[in-house]
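This report covers charged side chains and their pairing. The sequence and structure come first, and the text follows.

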Amino acid sequence: MSLGILMLVHTALDRAEQVARHWARAGCPVVIHVDSNVAQATHDAFVTALSDLPQVLFSRRHRCEWGTWGLVAASQDAADLMLARFAGVRHVYLTSGSCLPLRPVAELIAYLEARPETDFIESATTADVPWTVGGLDHERFTLFFPFSWRRHRALFDRFVRLQRRLRLRRPMPPGVVPHMGSQWWCLTRKTLQAILHDPARARHDRYFRRVWIPDESYFQSLTRLYATQVESRSLTLSKFDFQGKPHIFYDDHLQLLRRSDCFVARKIWPHADRLYSAFLDHPETAATRQDPNPGKIDRLFAKAVSRRTRGRAGLYMQSRFPCHGWENGVTAGKYSVFQGFAELFHDFAPWLAQVTGTQVHGHLYAPERAEFADGQTVLNGALPDSAAARDANPRAFLTNLIWNTRGSWQCFQYGPRDTPDIVWHLARDPNAQISVISGAWAVPLFTSGAPFAELRAEAARLQRAEHRVLDQLRSPEAKARIRIWTMAEFIETPMEPLQLILDEIAPAAARRPAAPPEMADLAGFGQFLQTLKNQGMHPYLMGDFPVDPQPRPASGQTRRPYLVKK
């Protein structure tokens, strides 16, 4: 009878009965506190159900609300009863009705008997506590908290602000240094008696009664006054999420709980039949058990917190969707955007698809429709080619396209005629690789043969649109991999930038050998640009293009003279 168990119970009394019987079968006396919020009839039925166990007692009931003194008072009364009725108890272990023993009780008793003077309680000064959520670290000890945080939140917050404004400060009891930690402890009889029978207990209780969340500071602070040896950790596995709420363990956490080597875990889902059966009816007894080490599974909990708060890369969820910058990546995978290439090279999209083995679309943001690869009208995930549906939310269209095709590299064309609202989202996406040949939009005008007055107006419009695009791409806040060449720079050595782009999309070993793409015939293009200048429209985005250029054909094609129609 060296170990006594305190249980704070407020719900799932059938499971609490099951666990209490498990402790009692192992020879541990159990003192149970039932929250006064539980109906009297339910309480009486619970007491009757355990009346066949003489080592199971019930302490005086208190109203236990989160963050209030009732939890401490319940622990005090239960501990007083334990010490008074069971003289052989050397360690007292505080648990809850949702706690579940993970290892045979005999192992826990042996572990404590080997450490008879050690108090196991998480106890750290306020300066060293990183886990508090919502502020009020040191202030929870220096301000007054007469209002319930849950039931009277507005009054709670208003009174805290008033005290800060008035600079009110409560004095600490003499000798007490504020410490904080987990509510679930295992204290020696000597330390617990010293706390409960201290002549200054009334003063301590009066002070901590107005501390916020005193169950995480009362025993944690007073233990430091009397303990011979403090092991600042809890023997109970208890994990909390980013909001400070406890993680709940379900049936599929069975192997994870076993791997922790902890003696007790909370908070167990009341309907986790597999967990209760595995640990209560068929407890494992392994000779290679190690010290409790919740750190073994911290990595999994960190992943769970990350998944809950950030979600999956490129997949939006309700909690983050309205908040700019909260997304976990703009898109789910790498992709390439080409501006000016389809205008400068004949059949550029089929050539790129052949060389890289990727899916190459046309102008996904063209005014008429989204030009999916191979003329598709609906893409993966039932993504339609409707311009109206796409332009209702251009960013969501891009996000869905990359998410629905994840695992395969996507390429598409963009140009100054296309929907401009997507440019900034492309620029800020680290997954995007954007390659631009500025001024290439003039090549289709040059080869169109349309009346020159119309060409001049269209050229001015497209140049203004591309200028706005380039401004966004050159922003210092852009995170995409962006390369911009003027058309004059690009056609001097076209294969060098093409090779650079191909190396990023597909390694040399994965690419298929292919001839270079065929470049458009640019004979007379310089004169075309000069004519635009002469007509008062200055085409500056092409770079320093000579009036009579002689670019080398990319695949042996011959040049033809081009006469600009006026």
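## The R60 and D77 pair

D77 is buried, at 16% relative accessibility, where buried means under 20% relative accessible area, exposed over 50% and partly exposed in between, computed with a 1.4 Å probe on protein chains only. R60 sits in the loop between β3 (56-58) and α3 (70-85), and D77 sits in helix α3, so the bridge ties together parts that are 17 residues apart in sequence. Helices (H or I, at least four residues) and strands (E, at least two) are DSSP runs, numbered from the N terminus.

## Basis of the values

This is a predicted model, in which local features need pLDDT of at least 70 and side-chain atom pairs count only at pLDDT 80 or more, while totals for chains, interfaces and linings use all residues. Residues are numbered from 1 along each chain as its sequence is written, and side-chain values use heavy atoms, with hydrogens and water left out.

## Other salt bridges

Side chains of opposite charge can pair when their charged atoms come close. The structure holds 19 salt bridges. One of them joins the side chains of D273 and R15, at 2.3 Å from N to O. D273 lies in helix α11 (residues 273-281) and R15 in helix α1 (residues 13-25), so this pair ties together parts that are 258 residues apart in sequence. D273 is exposed at 51% relative accessibility, whereas R15 is buried at 10%.

E139 and R164 also form a salt bridge, with 2.7 Å between the closest N and O atoms. E139 is in helix α5 (residues 139-142) and R164 in helix α6 (residues 153-166), distant parts of the chain 25 residues apart. R164 is partly exposed, with a relative accessible area of 42%.

## A buried arginine without a salt bridge

R266 is found in the loop between β12 (264-265) and α11. R266 is buried but has no salt bridge, and the nearest side chain of opposite charge, E216, is 8.2 Å away.

The side chain of R266 does make a polar contact with the side chain of S96, at 3.3 Å. A polar contact is a pair of N or O atoms within 3.5 Å; within protein, one must be able to donate a hydrogen and the other to accept it, and residues adjacent in sequence count only if both atoms are side-chain atoms. Not counting residues up to four places away in sequence, R266 touches residues including S96, W184, K239, H247 and F249, where contact means heavy atoms within 4.5 Å.

Definitions and conventions: A salt bridge is a side-chain nitrogen of Lys or Arg within 4 Å of a carboxyl oxygen of Asp or Glu. Lys and Arg count as positive and Asp and Glu as negative; His and the chain ends are not counted.
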